[in-house]
Amino acid sequence: MDATTPLLIVDAANVVGSRPDGWWRDRAGATARLRDSLAPVAAAGLPPQLPPPVEVVLVVEGRARDVPGTAGVRVVAAAGSGDDAVVDLVAAAPQRRRLVVTADRELRERVTAQGAEVYGPRWLRDGTTPPGGSR
């Protein structure tokens, strides 16, 4: 993708873990469902904050490490910490608009220090930004 295409980086473990829907019984399956729900975002974006086209990257780790990419979603299997992989992706694209989806407070601080925008899992699910500026 070129420098004008926004980069949406999703912390899979954090987003999957944000809903008590039984994900812990099948982490890879829950991650694959998240990946599939992200596929339309590449072409459609998440208006109004994120118009299309978008490069979507899902960072996976642990038991979900073997979840493959699919059309519209590049999957990056973290060699170690998923948080470190997210930070590395943000750092590797300083010229682009970078949006990170996570609720992890430490990760939020690490990526905003590099100029990335941060949104919570709820924004990814329903496109809302809570009042008070905390996305």
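## Basis of the model

Because the model is predicted, local features need pLDDT of at least 70 and side-chain atom pairs count only at pLDDT 80 or more, while totals for chains, interfaces and linings use all residues. Residues are numbered from 1 along each chain as its sequence is written, and side-chain values use heavy atoms, with hydrogens and water left out.

Five strands form an open sheet in the order E3-E2-E1-E4-E5, with parallel pairing; strands (E, at least two residues) and helices (H or I, at least four) are DSSP runs numbered from the N terminus, and two strands pair if DSSP finds at least two bridges between them. Strand E3 (73–77) and strand E5 (117–119) are the edge strands, each pairing on one side only. On average, neighbouring strands of this sheet are turned by 25° against each other, direction ignored, where axes are lines fitted to C-alpha atoms, for helices over the stretch in contact, and angles run from 0 to 180 degrees between N-to-C directions.

Strand E4 (residues 98–101) pairs with E5 in the parallel sense over 3 bridges, and Leu99 stands opposite Glu117 in E5. Helix H5 (residues 105–112) packs on the sheet, where it touches strand E1 (7–11), E4 and E5, and its direction makes about 155° with that of E5; contact here means heavy atoms within 4.5 Å.

## The largest pocket

The largest pocket holds about 310 Å³ of space. A pocket is defined on a 1 Å grid over the protein atoms alone, with a 1.4 Å probe, as an open set of points with protein on both sides within 12 Å along at least five of seven lines, and lining residues have an atom within 4 Å of a point; the volume is the space filled by probe spheres set on the points, which are joined across faces, edges and corners.

Of the 12 lining residues, Val15, Arg19, Leu34, Ser37 and Arg125 are the closest to the centre of the pocket. Helix H1 (12–16), helix H2 (27–38) and helix H6 (121–126) each give two or more residues to the lining, and H2 provides the largest share, 5 residues.

## Two loop residues

Gln95 is in the loop between helix H4 (82–91) and E4, and it counts as exposed because its relative accessibility is 53%. Pro51 lies in the loop between helix H3 (41–44) and strand E2 (55–60), and at 43% relative accessibility it counts as partly exposed; buried means under 20% relative accessible area, exposed over 50% and partly exposed in between, with a 1.4 Å probe and protein chains only. Not counting residues up to four places away in sequence, Pro51 touches Gly45 and Arg97.
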